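The sequence and structure come first.

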Amino acid sequence: MASKRSDAVLEDREFKAGQRAMWALGDYHEFARRSLWEFGERLVEACGIGPGQRVLDVAAGTGNVAIRAALAGADVVASDLTPENFEAGRREAAAHGVRLEWVEADAEALPFADSAFDVVTSSFGAVFAPNHQVVADELLRVSRPGGTIGLMAPAVPARNAGFSQMLAGLPSTFGGVSPLRWGDEEYVAKLFGESVESLEMSRRRTELAGFADETQLRDFLRAHHPVAVELYSEAADDPEAVAMLDDMLLSVINLCYARGEGEAGSFVQEAVLVVAQTRSVTLAS
Ligand SMILES: C[S@@+](CC[C@H](N)C(=O)[O-])C[C@H]1O[C@@H](n2cnc3c(N)ncnc32)[C@H](O)[C@@H]1O
């Protein structure tokens with residue numbers, strides 16, 4: 001009879017294979033370029049990334065952080081569970097005249113040596129791995145003493161702050177633990193524990209331009225966002241299910257995006273920026 005441990009290993013392997021297949025759907029790069037791209041630049045600035053530093057970007061997608069870090073002069077490794085998206089990342093990097101190393105890796109089992117990096121980043125990425133403590137431990141392990149860990153975590157707009165805690169408590173499609181929990185300072189402080197010297201969390205906003213209304217944004221997400229593409233493909237033969245998904249996606253848009261104040265017809269997306277400095281000296285246990 002299989003042991004509980006081997007059951008758990010098998011379950012984790014199947015879950016990660018499912019996540020990988022999902023993130024390879026649609027056109028992730030197109031989605032990222034029009035929505036999350038600017039967060040990459042903000043994260044690189046917030047972590048003070050510059051020439052000569054060795055940087056690991058975890059769950060890098062098509063490289064919005066990694067490419068900016070390379071443009072800032074760092075020596076960069078971009079890692080992700082879904083190597084299907086690396087080709088788009090390589091093309092984007094080449095268009096900007098930079099080269100980086102692309103490595104397939106699970107954020108919960110990074111194939112890198114202890115203390116290998118000066119800065120470890122992850123934008124809307126590592127937060128999707130289900131075992132938050134394992135992820136935090138891995139980010140700390142590969143980061144050198146006195147190094148920097150920088151994350152962008154999804155957040156609902158301030159006007160929906162009341163829903164934020166409720167949503168963070170709901171089981172999510174990402175292994176039963178909501179990625180929104182990474183926006184809670186007390187929770188993140190516990191994950192990093194005594195291994196960090198400082199922890200700063202603040203909000204950042206970027207604008208998605210060019211969507212006249214919620215319906216246009218919904219149709220864009222439906223066509224490009226891997227999670228939406230997967231849900232719609234499962235419902236493809238059932239017009240009622242498709243109509244339900246359409247309504248649900250509009251509700252998600254209303255909850256997760258605010259209307260932009262600048263260009264007419266644009267939306268604002270918010271994130272929580274997390275910057276932690278790891279201890280320069282390991283505490284005696
Ligand atoms: C929303 S995308 C973010 C990608 C990129 N950082 C960006 O900002 O555009 C989420 C990424 O997390 C990756 N991912 C999900 N679970 C992961 C895991 N356990 N380990 C590593 N990457 C993971 C997915 O493959 C996907 O590329």
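The model is predicted. In it, the cover over the buried residues of helix α6 includes β1 (54-58), β4 (117-123), β5 (143-155), α8 (185-192) and β8 (267-278). Helix α6 itself spans residues 132-142, and its buried residues are His132, Val135, Ala136, Glu138, Leu139, Leu140 and Val142.

**Overall form**

The secondary structure of the protein chain amounts to eleven helices and eight strands. Along the principal axes, its C-alpha trace spans about 60 × 55 × 40 Å. A compact globule of 285 residues would have a radius of gyration near 19 Å, and the chain agrees with this because its own value is 19 Å. Of the 285 residues in the protein chain, 39% are buried.

Helix α3 covers residues 37-46, and Trp37, Phe39, Gly40, Arg42, Leu43 and Val44 are buried in it. The elements that cover these buried residues include α2, α4 (64-71), β4, β5, β6 (196-208) and β8. Strands β4, β5 and β8 are also among the elements covering the buried residues of α6. Just after α3, Gly48 has a positive phi of about 60°.

Val65 belongs to helix α4. Which residues does Val65 contact, leaving aside its neighbours within four places in sequence? They are Gly40, Leu43, Val44, Asp57, Ala60, Thr121 and Ser123. Gly40, Leu43 and Val44 are among the buried residues of α3.

Gly50 sits in the loop between α3 and β1. Not counting residues up to four places away in sequence, Gly50 touches Ala72, Gly73 and Ala74.

| Residue | Burial | Other C-beta atoms within 10 Å | C-alpha separation | Places apart along the chain |
|---|---|---|---|---|
| Val65 | buried | 33 C-beta atoms | 7.7 Å to Phe39 | 26 residues |

Why is Val65 buried? Val65 has 33 other C-beta atoms within 10 Å, and a residue counts as buried if 20 or more lie within that distance.

**Strands β1 and β2**

Strand β1 is largely enclosed by the rest of the structure, because four of its five residues are buried. Strand β2 is mostly covered as well, with five of its six residues buried. The two strands run parallel, and five bridges join β1 to β2 (residues 75-80). Asp57 stands opposite Ala78 in β2, and Val58 has Ser79 of β2 as its bridge partner. Asp57 is also one of the residues in contact with Val65.

**The ligand shell**

How many residues surround the ligand? There are 21, and the closest are Ala59, Gly61, Thr82, Ala107 and Ala129. Helix α1 (residues 4-23) gives the most to this shell, with three residues. By type, the shell residues divide into ten nonpolar, seven polar and four charged.

**Two domains**

The protein chain is divided into domain 1 (7-207 + 268-278) and domain 2 (214-259). Their C-alpha centres lie 24 Å apart. The contact between them takes 15 residues from domain 1 and eleven residues from domain 2. On the side of domain 1 that touches domain 2, α1, α2 (28-34) and β8 each supply at least two residues. Helix α2 gives the most to this side, with three residues. The residues of this side divide into nine nonpolar, three polar and three charged.

Methods:
Residues are numbered from 1 along each chain as its sequence is written. This is a predicted model: local features need pLDDT of at least 70, side-chain atom pairs count only at pLDDT 80 or more; totals for chains, interfaces and linings use all residues. A residue is buried if 20 or more other C-beta atoms lie within 10 Å of its own, exposed if 12 or fewer, and partly exposed in between; C-beta atoms are placed from the backbone. Two residues are in contact if their C-beta atoms, placed from the backbone, lie within 7 Å. A residue is near a molecule or strand if its C-beta atom, placed from the backbone, lies within 6 Å of it. Ala, Val, Leu, Ile, Met, Phe, Trp, Tyr, Cys and Pro count as nonpolar, Asp, Glu, Lys and Arg as charged, and the others, Gly among them, as polar. Domain bounds come from an automatic or database domain assignment. The radius of gyration is taken over C-alpha atoms; the globule rule is 2.2 Å times the number of residues to the power 0.38. Two strands pair if DSSP finds at least two bridges between them.
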